[in-house]
Amino acid sequence: MIEFNRRLEDIPVYPAASTYAFDGELVKLASNETPYAPHPQVLEAVESQLRTLNRYPDPEKSLLRKRISERTGVPVDRIAVGNGSVELLLAAAEAMLEPGAEIVYAWPSFSIYPQMTAKSGATAVTVPLTEAGEHDLEAMAREVTAATRLVLVCNPNNPSATALTPAAIEAWLAELPRHVAVVLDEAYVEFSALQDPDDSLDLLGRHPNLVLLRTFSKVYGLCGLRAGYALCPEPFRLAVDRVRQPFAVNALAQAAAAEALNHQDEVERRVEQNVIERVHVESELADRGLETTDSQANFSWVGLGDRDEDEIVDGLARQGVIVRAGSALGEPGRLRVTYGTRRENDRFLSALDTLL
Ligand SMILES: Cc1ncc(COP(=O)(O)O)c(C=O)c1O
């Protein structure tokens, strides 16, 4: 019998969305993806790489880091690119955590965060969200000790969909000791109506312990290729690069992400469409007596009251509509539903009607 290390059993299995055998077109509203196909010029950029796949990808990710730098004004030395932003989170854990070290984050939040401690043997200190599903920054600050290496703030938060303003984050950040790295996970920042994505860039200049984590998986719609980045102090970039393989980000992902940055008009269109679908889904849910938190993302966090969560989530799946059960994400009695196209959203709503 082969043997594994003892830490393996402590690593939670990522709660991936279930795939269901369904005789018909599935409506996938479980993974906070965008329903829109990549921009045609992004597809062309991918195709242009196909004939050189016999070569390793650029370990420096030069073109992509240059484009991110042009877009954000952050020097290339302070830009780390990962195979999805998740890779950068796991690399940060490897580089910064160890037994005796602590990491602080809110809960429920992104399902990868618990893996960061399980792999490193560090201690996770979790702070419950407020009633409204928001980060309780003051309570989080109270948990910071001399042993704290990392504090994670998911803004907007997955799965509760709420967000904080950059001003609120900055006031809090200013009070934290400088030995603590604060990772602001901004996977959904483009969708937040509380800020322009560029607003949080200003914080970087004033807070040398701040890391902004962003992704091409959400509004840019490239999650199938895997690319994310951190805007960070240079030592953070060097550390996450040191613990990863040099060719972590494949050539197609690098080319696609670099091209996607040239299409900010497309980003704006998607954000506007997201607002339209959010208002539609939220008002339809309210008409059915279902409460949602104040969503600043591309999904709703829906309270089911005393209805049976499994019955609803399984009942939707039987009709080909895949959403996430709150219990898999840290809060039973809820579901998380991503906004799709109008047709998909209406299929979700009419499937829900058969169950309420
Ligand atoms: C809060 C948050 N951060 C990061 C990610 C992951 O992104 P990536 O696809 O860049 O690894 C997700 C994806 O669901 C997320 O919800």
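Domain bounds in this description come from an automatic or database domain assignment. On that basis, the protein chain is divided into domain 1 (6-30 + 264-353) and domain 2 (40-260). The centres of domain 1 and domain 2, taken over C-alpha atoms, are separated by 24 Å. To the contact between them, domain 1 contributes 23 residues and domain 2 contributes 31 residues, where contact means heavy atoms within 4.5 Å. The model is a predicted one, in which local features need pLDDT of at least 70 and side-chain atom pairs count only at pLDDT 80 or more, whereas totals for chains, interfaces and linings use all residues. Residues are numbered from 1 along each chain as its sequence is written, and side-chain values use heavy atoms, with hydrogens and water left out.

Secondary-structure elements are DSSP runs numbered from the N terminus, helices (H or I) having at least four residues and strands (E) at least two. In helix H2 (residues 62-72), the buried residues are Leu-64, Arg-65, Ile-68, Ser-69 and Thr-72; buried denotes under 20% relative accessible area, exposed over 50%, and partly exposed the range in between (1.4 Å probe, protein chains only). Viewed down the axis of H2, these buried residues fall within an arc of 135 degrees, so they line one face of the helix. The arc is that of the directions from the helix axis to the C-beta atoms. The cover over the buried residues of H2 includes strand E2 (79-82), helix H7 (201-206), strand E8 (228-231), helix H8 (234-243) and helix H9 (251-260). Gly-73 follows H2 and has a positive phi, near 80 degrees.

Asn-32, with a phi of about 55 degrees, is found in the loop between E1 and helix H1 (40-49). At 0% relative accessibility, Asn-32 is buried. Arg-226 has a positive phi of about 75 degrees and is placed in the loop between strand E7 (210-215) and E8. With 29% relative accessibility, Arg-226 counts as partly exposed.

Cis peptide bonds were identified at two prolines, Pro-108 and Pro-159. The bond joining Trp-107 and Pro-108 has an omega of about 0 degrees, and Pro-108 lies in the loop between strand E3 (102-107) and helix H4 (113-120). For the bond joining Asn-158 and Pro-159, omega is about 15 degrees; Pro-159 is found in the loop between strand E5 (148-154) and helix H6 (166-173).

Within strand E7, Val-211 is buried, having a relative accessible area of 1%. When residues up to four places away in sequence are not counted, Val-211 touches Val-182, Val-183, Leu-184, Ala-230, Leu-231, Cys-232, Pro-233 and Phe-236. Val-211 and Ala-230 are 19 residues apart in sequence, with a C-alpha to C-alpha separation of 6.4 Å in space.

On the surface, Ile-2, Phe-4 and Leu-8 form a nonpolar patch, with about 360 Å² of accessible area together. Leu-8, found in the segment before strand E1 (27-28), is partly exposed at a relative accessible area of 44%. Patches are made of residues with over 30% relative accessible area and no salt bridge, like charges being joined within 9 Å and nonpolar side chains (Val, Leu, Ile, Met, Phe, Trp, Tyr) within 5 Å. A salt bridge is a side-chain nitrogen of Lys or Arg within 4 Å of a carboxyl oxygen of Asp or Glu. Accessible areas come from the Shrake-Rupley method with a 1.4 Å probe, and for residues only the protein chains shown count as cover.
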